[in-house]
Amino acid sequence: MTQETPTAKVEPMIRFSNVNKNYGGFQALVDINAEVARGEVVVVCGPSGSGKSTLIRTVNRLEEIHSGTITFDGRSVHGKMRGSELNHLRSRIGFVFQSFNLFPHLSALENVTISPVKVNGVDREQARDRAMRLLDRVGLSAKANAYPAQLSGGQQQRVAIARALAMEPPAMLFDEPTSALDPEMVGEVLAVMRGLAADGMTMMCVTHEMGFAREVADRVWFMDAGQILETAEPSVFFGDPQHARAQRFLSDLRH
Amino acid sequence: MLLDLVDIIRENWLLLLIGQYPNGPLGGFAATLILSVLSIALAFPLSVLIAFARFSTNPLLLWPATVLVYVARGVPLLMLILWVYFMVPLLIGANVPGFVTMLVTLVIYEGAFLSEVVRGGIVALGRGQVETARALGHGYFGAMIHIILPQALYNVMPSILSQFVSAIKETTLGYVINVPELTFAANQVNNQLLTKPFEVFFLLAIIYFLVCWTLTRAALVLERRIAHKRAGMPGVALSLNPQMPVPEP
Ligand SMILES: Nc1ncnc2c1ncn2[C@@H]1O[C@H](COP(=O)(O)OP(=O)(O)OP(=O)(O)O)[C@@H](O)[C@H]1O
Ligand SMILES: [Mg+2]
């Protein structure tokens with residue numbers, strides 16, 4: 001499905017072109033034009049209701065758009081396609097939810113293996129080996145046989161990250177992955193995300209963790225009222241935000 | 001009284017167990033059991049299909065399923081049995097054995113009722129689980145089969161079970177269309193004895209009670225075993241509450 005032409009190499013991983021989306025009469029995304037380059041870590045921030053979740057959910061088509069185009073790895077996401085093509089596309093986009101959404105009837109290990117086995121037809125043993133390595137990577141190999149209800153929030157979110165990685169996605173999307181966590185568990189999840197970034201994973205993260213943004217992000221996108229008002233390197237964004245709305249947002253965060 | 005019961009059992013156990021078989025059709029307790037097991041075994045998968053159809057946006061699936069559920073909810077089972085019993089032979093121009101009539105009616109009726117239980121279980125899971133499965137690349141049916149149904153069906157197990165128990169009790173209605181099941185056999189016994197209706201029907205009640213009670217216990221054991229395995233998953237709390245509400249359409 002993917003175009004392995006030479007141009008695909010310079011093609012950004014994710015590209016939004018003139019994207020608009022409405023909920024009824026309400027315009028949730030306004031003329032979005034932006035790119036996430038390969039290997040880039042983008043942090044999306046902005047006040048509540050500004051459209052961050054909506055934006056990130058359009059990338060794997062959990063939300064439809066009304067005009068414009070979004071391409072992922074050179075392929076249009078919202079064009080006409082068969083259901084199986086959409087499933088294949090989605091399987092290549094790692095998505096981590098705020099509320100973890102582990103499958104409660106499956107152990108941590110089974111949560112990680114079920115999709116490679118059922119979606120990609122990976123051999124069970126092979127999926128298991130890979131899952132154990134991924135659980136190890138997020139520091140949870142000892143919890144492989146635990147069920148979600150037996151895990152803390154931070155542990156559940158790390159399993160959720162391992163589950164997304166098991167599909168070997170070229171990019172990972174995070175929608176406020178630490179917002180539902182008790183403060184003492186935020187660090188362990190951010191550490192895993194830092195590790196991913198260091199390994200060169202392309203990432204788009206909606207987060208209010210400005211320390212993480214400052215340290216890990218290549219670019220920060222600031223959203224307000226469905227628009228991306230500012231995209232800048234973190235040092236620039238945090239040191240000298242251009243937009244009045246961004247200045248207010250940052251000073252609100254500090255208090 | 002107790003002696004009477006023992007006598008009745010001793011003299012009629014074969015009739016109560018298998019009806020007039022092999023001189024007539026298989027009947028009595030065996031027929032009740034076969035009718036119950038078959039109707040449950042067929043109604044259950046049917047109910048899942050009806051539930052899916054009720055989620056469908058395709059009117060060719062949605063409408064028949066919806067009509068079926070509303071008819072089953074709005075019409076007494078006995079009416080439905082009589083209707084099928086008298087109308088189907090007219091429509092297809094051939095006689096249908098009472099047993100088959102009863103089985104088909106029960107499967108459709110129970111299937112419609114169970115489908116609402118299944119649907120409620122799926123709705124109660126919320127959007128997050130399906131969304132997550134889809135985001136990982138599972139197709140609609142893959143998500144349903146591997147992610148949604150195992151949770152939803154488990155959570156509504158008490159309701160499914162009580163529907164099974166009522167299916168067993170509903171087989172007694174086969175009596176009115178001469179299906180030679182247990183109640184029919186008991187009535188034959190009663191007609192022979194003439195003077196012992198209280199004892200005969202008391203015995204009948206005990207047999208039904210024991211079957212239903214055994215099933216309830218067995219399901220409880222099964223439920224505990226799964227609960228133990230999933231130790232503390234949120235569904236357990238739900239499943240212990242048999243009054244779990246089923247959302248109306
Ligand atoms: N399903 C929906 N139907 C109608 N309006 C919606 C829906 N989902 C989101 N919205 C609206 O769209 C706007 C953007 O919502 P979105 O969830 O993308 O914001 P957000 O930036 O992620 O906010 P938060 O920081 O609170 O998560 C909000 O005004 C919200 O009320
Ligand atoms: Mg959000």
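Tutor: Gladly, and keep in mind that this is a predicted model. Let's begin at the ligand: the shell around ligand 1 divides into 4 nonpolar, 6 polar and 2 charged residues.

Student: Which residues are around ligand 1?

Tutor: The shell consists of A:Tyr23, A:Phe26, A:Ala28, A:Pro47, A:Ser48, A:Gly49, A:Ser50, A:Gly51, A:Lys52, A:Ser53, A:Thr54 and A:Glu176.

Student: What makes the pair between A:Thr54 and ligand 1 a polar contact?

Tutor: Set the distance against the cut-off. A polar side-chain atom of A:Thr54 is 2.5 Å from an oxygen atom of the ligand, and the limit for a pair of N or O atoms is 3.5 Å, so the pair counts as a polar contact.

Student: How much of ligand 1 does the protein bury?

Tutor: On its own, ligand 1 exposes 640 Å², and the protein buries 59% of that. Strand S2 (26-36) and helix H2 (52-59) of chain A are the elements that give two or more residues to the shell. H2(A) gives the most, with 3 residues.

Student: Why is A:Gln157 called buried?

Tutor: Its relative accessible area is 0%, and buried means under 20%, so the label applies. A:Gln157 belongs to helix H6 (residues 153-165) of chain A.

Student: What lies 2.8 Å from a polar atom of the A:Gln157 side chain?

Tutor: That is the backbone oxygen of A:Phe97. Beyond its neighbours within four places in sequence, A:Gln157 is in contact with A:Val96, A:Phe97, A:Gln98, A:Phe100, A:Pro177 and A:Val189.

Student: And what makes the phi of A:Asp73 worth a remark?

Tutor: Most residues other than glycine have a negative phi. A:Asp73 is not a glycine, yet has a positive phi of about 55°. This residue is in the loop between strand S4 (67-72) and strand S5 (75-76) of chain A. At 7% relative accessibility A:Asp73 is under the 20% limit, so it counts as buried. A:Ala225, also not a glycine, has a positive phi of about 50°; A:Ala225 is in the loop between strand S9 (219-224) and strand S10 (227-232) of chain A.

Student: Which peptide bond is called cis?

Tutor: The bond that joins B:Tyr21 and B:Pro22, with omega of about 5°. Most peptide bonds are trans. B:Pro22 is in the loop between helix H1 (2-18) and helix H2 (28-55) of chain B.

Student: How many helices and strands does chain B have?

Tutor: Chain B comes to 11 helices and 0 strands. Of its 249 residues, 45% are buried.

Student: Where does UniProt place the feature "transmembrane region" in chain B?

Tutor: An unreviewed UniProt entry puts it at residues 29-53, 60-86, 92-114, 135-154 and 200-220. In the model, residues 60-86 are 93% helix and 0% strand, with end C-alpha atoms 28 Å apart. Residues 135-154 are 80% helix and 0% strand, and their end C-alpha atoms are 23 Å apart.

Conventions. Residues numbered from 1 in each chain as written. Chains lettered and ligands numbered in written order. Predicted model: local features only at pLDDT ≥ 70, side-chain atom pairs only at ≥ 80, totals over all residues. Heavy atoms only, no water. Near = heavy atom within 4 Å. Polar contact = N/O pair within 3.5 Å; in protein donor to acceptor, adjacent residues only side chain to side chain. Areas by Shrake-Rupley, 256 points an atom, 1.4 Å probe, with all protein chains shown as cover. Helix = DSSP H or I, 4+ residues; strand = E, 2+ residues; numbered from the N terminus. Nonpolar A, V, L, I, M, F, W, Y, C, P; charged D, E, K, R; others polar. Buried < 20%, exposed > 50% of the residue type's maximum accessible area, 1.4 Å probe, protein only. Contact = heavy atoms within 4.5 Å. UniProt positions renumbered as here; feature names shortened; annotations may be inferred.
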